[in-house]
Amino acid sequence: MTPDELIHGQAQELRRGTVVLACLALLEEPQYGYALLETLTGAGVAVDGNTLYPLLRRLEKQGLLTSEWNTDESRPRKFYRVSPLGSRVRAGLVREWRDLTASLARLTKDDA
Amino acid sequence: MTANTLTDRYVREVARRVPAGQRDDIATELRATIADTVEARDAEPGAAEREVLTEMGDPVRLAARYADRPLALIGPDLYPAYTRLLVTLLTTALPAVTAVAVGFDVLDGKDAGSLVGTAVGTVLTVGAQMIAWVTAGFALVERSRHRDRALAATRAWTPDDLPAAPRNDRRDIAACASAAWHALLLGLIVWQHTAEPYRADGRRLQVLDPDLWTGWIWPVLAGLAGLAALDLARFATRERPLALAAWYAAAQAAFTLPLAWILYRHMFFDPDFLAHVNGGWKTPDAFYTGAALIVLAIGATDTLKHFRESR
């Protein structure tokens, strides 16, 4: 494996958990699957559709998201938004994320 | 939706693999999502559809993600317990079952060729059954909804599970060979009694004195069975506690002491068999005394070796 391949693989591991936090942050406003994917990509959080769509359903099942079908347009779309529980979990995750970035910033300050 | 587009076929493949309760919901959302994605592409619609579906990937995999179902037959949580159980079964139960099967054939007076056939056949069929059923059982547990509870029921690993001694191939082979030897002796004794293999003047004779079966042969047989079982235990655990050596000494005593006594008192061979084999010649007393001493010496050496190995 080349260094680039190794970096790519490890970076994917790093990003894995961050998609949940990004979703919980973005879904203050209700959004449907594809639009959310576009917003995430535009925000610099790269995620595949085949990961994101099942993830949204899992978060809904855990009670972090609520959903509603919108049939006003020709194409019925399922809109997701954060539940009160999801907001609390997000706050906790944000704290974790800040601690983690602070710790890693201290550990890696020589690499900057 | 009567059209049979690639998207329809794809959605159908995903939908039929997710729980029935969510099937329609997931299908509708997936169809809309694919349509949204295709629409956003600049490419010609047919090519874009193909491209999008390729990116979504294998429907089996996607359905597993939707259903939150593992794609492994036995996941990492259960795998250690699975391998441990299989190894234990294949190294203890399988040899034991094979020994019993061969023992029955010996009782039936089968020849050596069919004994080997039975042994190989038993190892293959019973071994395959063990692997198949254990695997099926663990796969079911893996898929059951009560996985967490089942997991709590399988014993958690503790440092006590660490093997005390590194695996010692030489000792393992020795233990297996010893078990086979003791089982073979046991089988031979029973076989010569039931099959009466020796033919003399139109009569069938046993080799050993039939009178033994009303007395001294029983501790010998019990001792042999005990020795074979302890050999297997020695192989399975790889540990050498003092208790095992003590049991071994007891089994060895049950086997050796009566056997030596039988030899010493000339009660070993069937007198008719002996007369026919020897003709006019009489076996000297020294032969029996010597044989008894050799049996005692082997038994004592073996017992000592086991005590030395234990710690």
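Trainee: What makes residues of H4(B) count as buried, and which ones are they?

Mentor: In this predicted model, the buried residues of H4(B) are Pro59(B), Leu62(B), Ala63(B), Ala64(B), Tyr66(B) and Ala67(B). The word buried requires a relative accessible area under 20%, so each of these residues falls below that limit.

Trainee: What do the buried residues of H4(B) pack against?

Mentor: Their partners come from both chains: helix H4 (49–61) of chain A on one hand, and helix H1 (6–15), H2 and H3 of chain B on the other. At the start of H4(B), a side-chain oxygen of Asp58(B) comes to within 2.9 Å of the backbone nitrogen of Val60(B), and just after the helix Asp68(B) takes a positive phi of about 55 degrees.

Trainee: How many residues of chain B are in contact with chain A, and what is the area buried between the two chains?

Mentor: The contact joins 19 residues of chain B to 15 residues of chain A, and the buried area is about 1,600 Å², with carbon and sulfur atoms giving 51% of it. Of the area that chain B buries against chain A, Glu29(B), Asp36(B) and Arg65(B) supply 33%, more than any other three residues.

Trainee: Why is the pair of Arg77(A) and Asp36(B) called a salt bridge?

Mentor: The rule asks for a side-chain nitrogen of Lys or Arg within 4 Å of a carboxyl oxygen of Asp or Glu, and here the N to O distance is 2.5 Å, so the pair qualifies. Arg77(A) lies in strand E3 (residues 77–82) of chain A and Asp36(B) in helix H2 of chain B, and the pair therefore joins two chains. Both Arg77(A) and Asp36(B) are buried.

Trainee: How many salt bridges are counted between chain B and chain A?

Mentor: The count is six, and one of the bridges across the two chains pairs Glu39(B) with Arg75(A) at 2.7 Å, N to O. There are also 11 residue pairs in polar contact between the chains, with both residues at pLDDT 80 or more. Helix H2 (20–40), helix H3 (45–56) and helix H4 (59–67) of chain B each supply at least two residues to the side of chain B that touches chain A, and H2(B) gives the most, with 12 residues.

Trainee: How do you know what kind of residues domain 2 of chain B turns towards domain 3 of chain B?

Mentor: The two domains bury about 660 Å² between them, 76% of it on carbon and sulfur atoms. Thr91(B), Val106(B) and Leu107(B) supply 57% of the area that domain 2 of chain B buries there, more than any other three residues. By class, the side of domain 2 of chain B that touches domain 3 of chain B has four nonpolar, three polar and no charged residues.

Conventions:
Residues are numbered from 1 along each chain as its sequence is written. Chains are lettered from A and ligands numbered from 1 in the order in which they are written. This is a predicted model: local features need pLDDT of at least 70, side-chain atom pairs count only at pLDDT 80 or more; totals for chains, interfaces and linings use all residues. Side-chain values use heavy atoms; hydrogens and water are left out. Contact means heavy atoms within 4.5 Å. Buried area is the accessible area (1.4 Å probe) that two parts lose on being put together, summed over both. A polar contact is a pair of N or O atoms within 3.5 Å; within protein, one must be able to donate a hydrogen and the other to accept it, and residues adjacent in sequence count only if both atoms are side-chain atoms. Helices (H or I, at least four residues) and strands (E, at least two) are DSSP runs, numbered from the N terminus. Ala, Val, Leu, Ile, Met, Phe, Trp, Tyr, Cys and Pro count as nonpolar, Asp, Glu, Lys and Arg as charged, and the others, Gly among them, as polar. Buried means under 20% relative accessible area, exposed over 50%, partly exposed in between (1.4 Å probe, protein chains only).
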